[in-house]
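Please look over the sequence and the three-dimensional structure shown here before reading on.

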Amino acid sequence: MQWTGWSLKLGRVAGIDLFMHATFPLLFIWVGLIYWLQTGTIAGVLFGLAFIAVLFLCVVLHEYGHALTARHYGIGTRYITLLPIGGLAALERMPKDPRQEIIVALMGPAVNVAIAAGLFVLLTLTGGWTAVDPEAPLMMMPGNFLQTVLFANIFLAVFNMIPAFPMDGGRVLRAALTFRMGRDPATQLAARIGQTLALFFGIMGLFGNPFLILIAVFIWIGAAAEAGASEVETRLQGRPVSRAMITDFHTLPPGAPLSRAVDLTLSGTQKDFPVMDGHRLVGVVSQAAILRGLRDHGLGGRIYDVMAEPVTAQTGADLAELMEALQQDPAVRLICILHGQQLVGLVDMDNLSEFLRIQAALRDR
Ligand SMILES: [Zn+2]
């Protein structure tokens, strides 16, 4: 097991790394406590813990439903993380084809429906149904574990189909609207619908279940993030790289000492450097790599000790594609822009943000 930031890697299933966020065990402590307060028995606590463990197994299967469907359309998944509020499958991107987006979004809740249907058949065949005590909260039925898991899966499917980002239902809504209008207007409208729902949940939460307030905040933020990302993408689409690339920059030869990189870093604003062997681009060094090199080799270390494969694009590429490439992999800090084989410019995240700010200022005139 290995830690990456705040997440612990649990393993690799179907070619996708499965992580658990550091806050995830808090959920088990919380659930254990609730069951202890409600039942006062160790058996009750164990029931609660077993229930939440099985529930999260269902959540993981739900996320694999998304990930494996996306893979079917050639879209990879970077990782799946378990958070106390649910699972998160980090797809490299969402399908641009609305029909595919609907199917990818639906395949998560479909997994929960399938689990519920399987349990329904099992309980019916074995005569395992027990009467639900209307007085007892849903999770407090130690008499029938499978029945509780069945209801929880129905809840998961319904909850995820709420038509608001970041829920699956929000993506289905956006994709359905995309058939009638462009993708960005559809996203903006879906985000507004989601925020209206969030407002409604928030008000209901004030008068009833405070858990609804938490969900409302979660939806509000998700909708705003999705609307913002879509607007950015629209503004970058169709803009050639040459409009926004850095053309005034320093390069380093592979044999240069790290002290040369330190001098350039301190005397200017450039943080990451292309590595040039004569006129040929052979690598890039990021600030993180330079710092790592200084720790391992000192000032006398060489650039070739720390350089990485360059990520490149041609001058005709689209700025939206570059943004996607920079967001997909946080290790990629810099994209080298080539004209044929010749290095003509650089694009990084700061540069794209500046471009967007300038565009916004010009638009607001
Ligand atoms: Zn989902």
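What follows is a short report that goes from the whole chain to its cores, its strands and a few single residues.

## The chain as a whole

The structure is a predicted model, and in it the chain holds twelve helices and ten strands. Taken along the principal axes, the C-alpha atoms fill a box of roughly 80 × 50 × 40 Å.

Of the 365 residues in the chain, 29% are buried. When contacts between residues at least 6 apart in sequence are considered, 56% of them join residues that are at least 24 apart.

## The largest nonpolar core

The largest nonpolar core has 35 residues, and the members that touch the most others are Ala164, Ala198, Ile219 and Ala223. At least two residues of this core come from each of strand S3 (16–21), helix H2 (42–72), helix H3 (98–126), helix H5 (168–178), helix H6 (183–207) and helix H7 (211–236). Helix H3 gives the most, with eight residues. The core also draws at least three residues from each of domain 1 (1–158) and domain 2 (162–236).

Strand S6 (residues 273–277) and strand S7 (residues 280–285) pair in the antiparallel sense, over five bridges.

An open sheet is built from three strands in the order S8-S9-S10, and its pairing is mixed. Its edge strands, each pairing on one side only, are strand S8 (311–314) and strand S10 (342–347), and the twist from one strand to the next averages 35°. S8 and strand S9 (residues 335–339) run parallel and are joined by four bridges, and in S9 the bridge partner of alanine 313 is isoleucine 337.

Helix H11 (residues 319–328) lies across S8, S9 and S10, and runs at about 145° to S9.

How far apart are the end C-alpha atoms of helix H1 (residues 24–39)? They are 23 Å apart, which agrees with the 22 Å that its 16 residues should span at 1.5 Å a residue. H1 is followed by glycine 40, and the phi of this glycine is positive, near 70°.

Valine 113 is found in helix H3. Is valine 113 buried or partly exposed? It counts as partly exposed because it has 15 C-beta neighbours inside 10 Å, whereas a buried residue would need 20 or more. Along the chain, valine 113 and leucine 156 are 43 residues apart, and their C-alpha atoms are separated by 8.8 Å.

Note on methods: Residues numbered from 1 in each chain as written. Predicted model: local features only at pLDDT ≥ 70, side-chain atom pairs only at ≥ 80, totals over all residues. Pairing = 2+ DSSP bridges. Core = buried A, V, L, I, M, F, W, Y, C linked by C-beta atoms within 7 Å. Buried ≥ 20, exposed ≤ 12 C-beta atoms within 10 Å, placed from the backbone. Domains from an automatic or database assignment. Axes fitted to C-alpha atoms, helices over the stretch in contact; angles between N-to-C directions. Contact = placed C-beta atoms within 7 Å. Expected span 1.5 Å × (residues − 1).
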